[in-house]
Amino acid sequence: MQYFRLLFVVLVIGLVGAGCATHQLPSEKNILRVLTYNIHHGEGTDGKIDIERIATLIKDSRADIVALQEVDRWTKRTGRIDIMSELVDRTDMAYAFGKTIEIDSGDYGNGILTRYPIYEESNFLYTFPTDVEQRGLLQLVLNVRGQEIVFMSTHLDYWESDADRIASVEHIREAAKRYAPR
């Protein structure tokens with residue numbers, strides 16, 4: 001009788017194990033981690049510019065591609081540092097920067113950090129029906145494990161006019177169409 005109980009337990013374990021094998025979790029090599037982060041020109045909610053804090057968050061996220069919004073380069077308010085270069089030094093990632101406006105005697109826009117090689121880079125400045133702050137669409141073609149992928153990053157904002165948001169979306173759609181084969 002004990003023999004049959006043991007056989008039953010082994011059989012159940014075998015069946016459960018076989019069932020689990022058909023629902024495997026993706027391996028680490030098949031995961032692509034993406035982070036989007038509005039860094040507010042490096043200033044935290046405590047009012048301090050702290051690039052190390054931002055870099056630590058990015059490293060801790062283990063992201064492969066990071067879309068950054070509100071990035072300053074060489075502005076007075078951030079002590080004339082190049083935030084993208086500072087983040088590259090701290091994260092060991094490659095970068096692209098898309099300037100949208102000149103502000104505070106420096107540049108301001110979107111950035112992308114990536115662990116993958118950048119094949120192509122383009123920054124498109126939107127045109128709007130009304131007079132709002134200039135925004136852009138930073139576009140990269142990356143080599144992700146031997147496959148070309150297109151990654152786009154933008155920073156839309158709340159505006160009174162829906163027409164401006166709709167115009168932005170139309171620009172994004174057009175850009176996506178240009179990359180359709182990829």
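Visitor: How many bridges join strand 2 and strand 4, and in which sense do the two strands pair?

Guide: Strands of a sheet pair through backbone hydrogen bonds, and they do so either parallel or antiparallel. In this model, which is a predicted one, strand 2 and strand 4 pair in the antiparallel sense, and seven bridges hold the pairing. To see one of these positions for yourself, find Val-66, whose bridge partner in strand 4 is Leu-113.

Visitor: Which other strand is joined to strand 4 by bridges, and how many are there?

Guide: Strand 3, residues 94-103, is joined to strand 4, residues 106-114, by nine bridges, and these two strands run antiparallel.

Visitor: Which residues of helix 2 are buried, and where on the helix do they fall?

Guide: The general idea is that an α-helix has 3.6 residues a turn, so residues three or four places apart point the same way. In helix 2, which covers residues 51-61, the buried residues are Ile-51, Ile-54, Ala-55 and Ile-58. Seen down the axis of helix 2, these buried residues fall within an arc of 100°, so they line one face of the helix. They pack against strand 1 (34-38), strand 2 (65-73), helix 3 (83-91) and strand 4.

Visitor: What can be seen at the start of helix 2, and what just after it?

Guide: At the start of helix 2, a side-chain oxygen of Asp-50 comes to within 3.3 Å of the backbone nitrogen of Glu-52. Just after helix 2, Arg-62 takes a positive phi of about 60°.

Visitor: Is Asn-110 buried or exposed, and what does its side chain reach?

Guide: Asn-110 is found in strand 4. The cut-off for a buried residue is under 20% relative accessible area, and Asn-110, at 3% relative accessibility, counts as buried. Its side chain reaches the backbone oxygen of Gly-136 at 3.2 Å. Leaving aside neighbours within four places in sequence, the residues in contact with Asn-110 include Leu-68, Val-71, Phe-97, Thr-100, Leu-138 and His-155.

Visitor: In what order do the strands of the other open sheet lie, and how do they pair?

Guide: Three strands form this open sheet in the order 5-6-7, and the pairing is antiparallel. Its edge strands are strand 5 (118-125) and strand 7 (147-154), each of which pairs on one side only. Neighbouring strands here are turned by 15° against each other on average, again with direction ignored. Strand 6, residues 136-144, pairs with strand 7 over eight bridges in the antiparallel sense, and Leu-142 stands opposite Ile-149 in strand 7. Helix 4, residues 162-178, lies across strand 5, strand 6 and strand 7, and runs at about 25° to strand 6.

Visitor: How many aromatic pairs does the structure hold, and how are the two rings placed?

Guide: A pair of aromatic rings is described by the distance of the centres and the angle of the planes. The structure holds one aromatic pair. The rings of Phe-124 and Tyr-126 have their centres 6.1 Å apart and their planes at 75°, so the pair is edge-to-face. Phe-124 is partly exposed, with a relative accessible area of 29%, whereas Tyr-126 is buried, with a relative accessible area of 2%.

Visitor: How many helices and strands does the chain have, and how do the elements run from the N terminus on?

Guide: The chain has four helices and seven strands, and from the N terminus on its elements run α-β-α-β-α-β-β-β-β-β-α. Of its 182 residues, 36% count as buried. Among contacts between residues at least 6 apart in sequence, 62% join residues at least 24 apart.

Methods: Residues numbered from 1 in each chain as written. Predicted model: local features only at pLDDT ≥ 70, side-chain atom pairs only at ≥ 80, totals over all residues. Heavy atoms only, no water. Pairing = 2+ DSSP bridges. Buried < 20%, exposed > 50% of the residue type's maximum accessible area, 1.4 Å probe, protein only. Arc of directions from axis to C-beta. Contact = heavy atoms within 4.5 Å. Polar contact = N/O pair within 3.5 Å; in protein donor to acceptor, adjacent residues only side chain to side chain. Phe/Tyr/Trp six-rings, centres within 6.5 Å; stacked < 30°, edge-to-face > 60°. Axes fitted to C-alpha atoms, helices over the stretch in contact; angles between N-to-C directions.
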